[in-house]
Structures are given as C-alpha cells and as structure tokens.
Amino acid sequence: MTSLLVSLPLLLPSAAGDQNLALIAELTVFVLAVFLGIEVINKVPPTLHTPLMSGSNAISGITVVGALLSSLSGSATTTNVLACIAIAAAMVNVVGGFLVTDRMLKFFKKR
Amino acid sequence: MNEIAVPLCYLLAAVAFIVGLKMMSTVKGARRGNAMAALGMAIAIVGTLAQRVDFDWTWIVAGAAVGSLLGGWLAYRVPMTAMPEFVAMFNGLGGLASALVALCDLLHWSERTKDVELTPASALGWTWVIALVLSLAIGTITFTGSMAAWLKLSGKVNKGEPVLLPGRHAINVALGVVVVAVSIWLGGFAASHGVQTGAAIAIAVVAGLLGWLLVLPIGGADMPVVISLLNSYSGVAAATTGFVLKNDALIISGALVGASGLILTQIMCKAMNRSLGNVIAGGFGQTSSGAGGEKKKSSYTKVKSCSAEDTVAILESARSVIFVPGYGLAVSQGQHAIRELADLLEAKGIQCRYAIHPVAGRMPGHMNVLLAEANVPYEQLVEMDAINPTFKETDVVIVVGANDVVNPVARNQVGSPIYGMPILDVDQARTIFVIKRSLSPGFAGIDNPLFEADNALMIFADAKEALLQMAAGFKGK
C-alpha cells in the first residue's frame, strides 16, 4: 500500500518531501490498524483470551519478514548470523504460536 | 512486478490476520480463525522469499529450520498450566527478533556506505533514526522483561516474589535518560560506522537492563497485567521495525498485536482495580504481608470447618452448584477432579456452573483453558458479570483455591487495599464451601471475612484431594 502511495508523488521536487509523504502514509496505516485492532479484539470473549494472546503472539512473528530480508548474500558474516538468530526467534514465535493456539482451541468443546 | 506483487502479498496477509482475529470472536470459529492467520503468515513469508532479492539461503534455511523445529516441539510439549510462562517467553523472542532486524538494517546501511562518513540523521533522516532506536529499545525491553517474567512465573527467580532494589525508580529513570541521550548522539553526531554500531548495541544493552529491572519488582499476582503488556510491546516492536524497513506487513500486524495486548492489559487492570502505573511501580501488598516471610497474624475468631465427606449430604439436597476455581486449583492439578465431581452432580440433576473471575489463573483466560482441557463444556464457564446476579438463588458454592476474588471486603470496606475491585458475590449463596490449605492470606495480604461467614464452611485440604474425596463420597451414596 505504502509503495503505491509513495510512487504517486513523483513530481515532488525534494527527496525530503518524498520521505515525509511516505512517513505520513505509514503512520496513517499504523493508526488505522490500531483502531481496527481495538474494534476486532474487543469482540473476542474472555474465555478465549489465552488463545487470543498466543495467536496474536504468532502474528507478531511477522517480523520474520524483516529478518528474511536482512539475510543477504555478500553481507558480512556477523550481519548474517544476527539475521539468522532473528529468523530462528521469529520462526519459534510463528510455528510455536500458531500450533499451541490450535492445540488449545481443540479443547474448547460443547457438551 | 515485484513492486506490486510483494506489497499485495503483504496486504493479503494483513487481511488474513484481521479476518482470523475476527473469527476468534466465537468459540466455534476460533480454530479456523487461527488457521486463517497462519495462512496469512505463510503468504507473507512466501511472498517475501519469491522476490528477486539476493538472499543468503544458507543462513535463512538454518534459522528457519531451527526456529520451526524448536517452536513446534515447544508447542507440542508445553503443559496448559505453564501457558503463562510459555507466552511470556514467546513475547520475548518476538521482541528479540525485532531488535535484531533493526540492528541488521543499520549494519546493511553501514556496508553500503562503507567509504562515506555520514551521521544517520543526515543520510537517512530522523524518522529512520527514531524508528531504529525505538525498535532497538522496545525490542530489547520486551526481550529481557519477558525473560524476567518467564523466570519469575516458573519460580526460578526468588520464587516469583518481587525483587525490590533500593532507589529502583531513580535507576530506571537514569537508564531511560541514557537510552535517549545515546539515541540522539547516534542520530545526529556519530559519523563513523564503527561508533554507530557501538551506540546501537549500547542502546540495546541499556534498554535490556531497563526491561529486566522493570519486571523484577512486580509481584506474582500482577503477572497477568505484565504478560498482557509485554504482549502489546512485542507488537509495537514489530511495528517500529516496520517503520525502519518501510514494510506495511510489519506495521499493520504489529499495530494489531499492540492493540490486542493493550486491551487485555486494560481488562486485567480493571479486574484488579489497579492502575497500570501502580502495577509497574511494583511491590503490591508488601507493606502488609512483608514479602511472604513474616506473615501478619490473622484475626479469625469464628471459622467453621468440615471434612470433605461432610459436604455430601448438603450437596445431595442442592439443586444448583457453582464452582469458583482459582489458581490454587491449577497448582494442585485439580481440573479433572472438579469435572469428575461436576459430572456426578449433574447425573443427579443438579445444575453445575463455573464462575470465572477475569484474573483467575495467571494470565487472561487461563482458567478457561485449564477447564476446557479437562473437558468442561465452555457453556458452563460463566463470566463474573453474568453470574453475579445468580448467586442469590444458588444452593451451594464451592470455592477452590481462590481468595481475594471472593473477598466481600472489596465491596464494603472503604480503605481496604482491594476496595472497589470487582469480585464474585459468592457470600450471597445459601451455603459456601471453601477448599483451601490454610487461612493464609491471598496476594493482597488481607483477611477474608467470607471464611467466617455464617453460611461458609472451610475444608482445609489440597484442592485436588478434597474434590476427589467429595466425588468418592458422592459416588458411595
């Protein structure tokens, strides 16, 4: 979304202007997502709050996308080792988070 | 092509997360909602890897394999009683990953501009610098704070009791000031790449120390708030990393998780009648109970007690029973015993329900998961506001391992530390059995007049054993 918005103001003269516009677009997305999150999460019943927490934790593992993009060939080994640790930590979050949430939700049964 | 396809993948992933979370608003749809969110994650990961970027596949495969296997193994093996520790640890790993990604972005920039000496602010702008330091600081605070919470919850640090350093507020403020100062210097004054890296690491280390010190003084009873808050932080850390990388997937998902954690934090604070600031200041109840060591002499005068077998006659003549489970039930692993007793009661046509206080257990919704695991149907788990008006017409209430959340003082004794806290009005029922090991106070460190109420009978025993004895006695009839 941002990249679409960013590519629009090609006519703007300065690079700083471009950057500011990109920042505004990002902030807009962020703030709207917070409000959306509040609306959606408020509807989750208290009985599901633990699975909600482990599930949303898995979602915060999205940072794995950033970690993957940090592992570039030709980079210094240190950087790649750090990226590798980041990938591992985020993948623990993603895989473990979704699996444990599923395991918990399986327990919730009607009589 | 990449320019459109990849952001579209991220948009699709974000939609899947939102729809998945929305499906969690019903117990029926929750499992599919979780699967939907997992699908979104898969789309985001595949979309990222399908780009024509020069990835270093060895490190990627190594990291992904180790992380996936470890995560899968942990998820498979963790007992439900240990969910709070588990979620705390996972929050921490999310924070760590976000901080590392931010650091990597700085290192990549250093490599690209090896021969030029420029301050980050002049080269990339203050926006980037602020996002970078926020991501580093929040990420590491989440990491070390979660590790402290994890160790406290599993009783590895000081048996979960708060650790109160002298002058801790001054220390924390000082550490915060150092983080801000180093950040400004990194952005505006550090021109050599080596120094920039050093400053970034310094920010991470100092913020990490701050996270550790912030969580240590917080007492065991406040852990639900802390876990919720750290959950929120792990989302915010991902979002700030999104600002560093200018990546919408991270920004949106991080915002969703941040909002989710914040709502849970609010609910927990409200349920304990505490302000967030008060929780973070730490050391609740320490003045009256002296860190669990020298216990205040309780002043109970007319407590009546009975044996588990004695309850059978009263239970038999009851038409409705409400169980009030607290953390003591989980500690004694009595979830299955409680359901066994409930099954026997229901076979005789006695209505059984469970009253769940929002802070029962050690994280939001913990008790529900523990009872669900013991095959208690979720319709029988009733929230506080829904069940409170029905205590008046209830024949028997069985309180198992709960204390402060059923203390009537919260309703009528102005000046009590828990005054105003929403409680379960169990004292209005006809007969109340309280299964508890002793008369020792709960987390709040105060006496509970319920224990000497005319209609209350104490059963001094381990929760699981008492429940099994009650079930056995009932079966014998």
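## Contacts and fold of chain A

Consider the contacts in chain A that join residues at least 6 apart in sequence: 57% of them join residues at least 24 apart. These values, like those that follow, come from a predicted model.

Chain A contains five helices and zero strands. Along the sequence, its pattern reads α-α-α-α-α. The chain has 111 residues, of which 56% are buried.

## The interface of chains A and B

The size of an interface is often expressed as the accessible area that is lost when the parts come together. For chain B and chain A, the buried area is about 8300 Å², and 73% of it lies on carbon and sulfur atoms. On the side of chain B, the residues that lose the most area to chain A are B:M24, B:R31 and B:W59; together they account for 8% of what that side buries. In terms of contacts, 106 residues of chain B touch 86 residues of chain A.

The interface also holds one salt bridge. A:D102 and B:R31 form a salt bridge, with their closest N and O atoms 2.8 Å apart.

## Helix α2 of chain B

Helix α2 of chain B covers residues 27-49, a run of 23 residues. From its first C-alpha to its last, the helix reaches 34 Å, close to the 33 Å expected at 1.5 Å a residue.

Which residues of this helix are buried? They are B:V27, B:G29, B:A30, B:G33, B:N34, B:A37, B:G40, B:M41, B:A44, B:I45, B:G47 and B:T48. These buried residues pack against elements of both chains: α3 (49-60), α4 (63-70) and α5 (77-107) of chain A, and α1 (2-23) of chain B.

## Aromatic rings and charges

A pair of aromatic rings is described by two quantities, the distance of the centres and the angle of the planes. Over all chains, the count comes to six aromatic pairs. One of them is formed by B:F323 and B:Y354, which are stacked, with 5.3 Å from centre to centre and 25° between the planes. This pair links distant parts of the chain, as its two residues are 31 residues apart. B:F323 belongs to strand β1 (residues 320-325) of chain B, whereas B:Y354 belongs to strand β2 (residues 351-356) of chain B. Both B:F323 and B:Y354 are buried.

Charged side chains also sit over aromatic rings in chain B. The charged end of B:R77 lies over the ring of B:W73, at 4.9 Å from its centre. In a second case, the charged end of B:K348 lies over the ring of B:F474, at 5.2 Å from its centre.

Where does B:N273 lie in chain B? This residue is in the loop between α10 (248-271) and α11 (276-281). The relative accessible area of B:N273 is 38%, so the residue counts as partly exposed.

B:N375 lies in the loop between α16 (366-373) and β3 (381-383) of chain B. The phi of B:N375 is near 70°, again a positive value in a residue other than glycine. B:N375 is partly exposed because its relative accessible area is 42%, while the range for this class runs between 20% and 50%.

Note on methods. Residues numbered from 1 in each chain as written. Chains lettered and ligands numbered in written order. Predicted model: local features only at pLDDT ≥ 70, side-chain atom pairs only at ≥ 80, totals over all residues. Heavy atoms only, no water. Helix = DSSP H or I, 4+ residues; strand = E, 2+ residues; numbered from the N terminus. Expected span 1.5 Å × (residues − 1). Buried < 20%, exposed > 50% of the residue type's maximum accessible area, 1.4 Å probe, protein only. Contact = heavy atoms within 4.5 Å. Phe/Tyr/Trp six-rings, centres within 6.5 Å; stacked < 30°, edge-to-face > 60°. Lys NZ or Arg CZ within 6 Å of the ring centre and 35° of its normal. Buried area = accessible area lost by both parts, 1.4 Å probe. Salt bridge = Lys/Arg side-chain N within 4 Å of Asp/Glu carboxyl O.
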